Amino acid sequence: MTEKFYYKSPIGILEIELENDTIQRLRVVESCSKISERTGYFAKVVKQLDEYFVGKRTKFELNIYPKGTEFQKKVWAELLKIPYAKTKSYQEIADAIGKPNAQRAVGSACNKNPILLIIPCHRVVSKTGQLTGFACGVDRKEQLLKLETNQCFQDNL
């Protein structure tokens, strides 16, 4: 049975769908009736999100099961390899999955990413480094990248 939980984050309210202690979906929503209690597996998810948003977590260790096409799953698997505070271009992702002419399809797969943050589609940028396209808006993409790069910089001081 799929359960929905709500978490208030610095980028807005996150709706998290869990089934059998596995994240099926994580997305930003405009509103919810109430923020969920931190119990069960959801408590583990929230702990890791809290740590991420304060710069103490650079990699999530959560069960995920994104639903999509085989192509989308290949793209999402490649996104999971992008290190914290780093970016790759749509072209680099297309090359990495063996589809060098598929940068637009890679962009579409990023847009359909069902598990934001954990599958870090916000770390994919244009070939020139410009922030383009993000299902939650480019402003949130910029906010997430700044959070990661600022924390990374502070860790090196």
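Predicted model: local features only at pLDDT ≥ 70, side-chain atom pairs only at ≥ 80, totals over all residues.

1. Helix α1 is followed by Gly55, which has a positive phi, near 80°. The helix itself covers residues 40–53, and its 14 residues reach 21 Å from the first C-alpha to the last, close to the 20 Å expected at 1.5 Å a residue. That expected span is 1.5 Å times one less than the number of residues. Helices (H or I, at least four residues) and strands (E, at least two) are DSSP runs, numbered from the N terminus.

2. Residues are numbered from 1 along each chain as its sequence is written, and side-chain values use heavy atoms, with hydrogens and water left out.

3. Which residues of α1 are buried? They are Tyr41, Phe42, Val45, Val46, Gln48, Leu49, Glu51, Tyr52 and Phe53. Here buried means under 20% relative accessible area, exposed over 50%, and partly exposed in between (1.4 Å probe, protein chains only). An α-helix has 3.6 residues a turn, so residues three or four places apart point the same way.

4. The chain has five helices and five strands, in the order β-β-β-α-α-β-α-α-β-α from the N terminus on. Of its 157 residues, 45% count as buried.

5. Strand β1 (residues 2–9) pairs with β2 in the antiparallel sense over eight bridges; pairing requires that DSSP find at least two bridges between two strands. The two strands are joined by a hairpin through two residues, and Tyr6 stands opposite Glu15 in β2.

6. Strand β2 (residues 12–19) is largely enclosed by the rest of the structure, because six of its eight residues are buried. Six bridges join β2 to β3 (residues 23–29), again in an antiparallel arrangement, and Ile16 has Leu26 of β3 as its bridge partner. Three residues lie between the strands in the hairpin of β2 and β3, where Asn20 takes a positive phi near 50°.

7. His122 lies in the loop between α4 (103–111) and β5 (124–125). With a relative accessibility of 1%, His122 counts as buried. The side chain of His122 makes a polar contact of 2.8 Å with that of Glu148. A polar contact is a pair of N or O atoms within 3.5 Å; within protein, one must be able to donate a hydrogen and the other to accept it, and residues adjacent in sequence count only if both atoms are side-chain atoms.

8. Arg123 also belongs to the loop between α4 and β5, and at 5% relative accessibility Arg123 counts as buried. A polar atom of the Arg123 side chain lies 3.0 Å from the backbone oxygen of Ile82.

9. Ala102 is placed in the loop between α3 (90–96) and α4. Its relative accessibility is 15%, so Ala102 counts as buried. Ala102 and Gln91 are eleven residues apart in sequence, and their C-alpha atoms are 7.7 Å apart in space.
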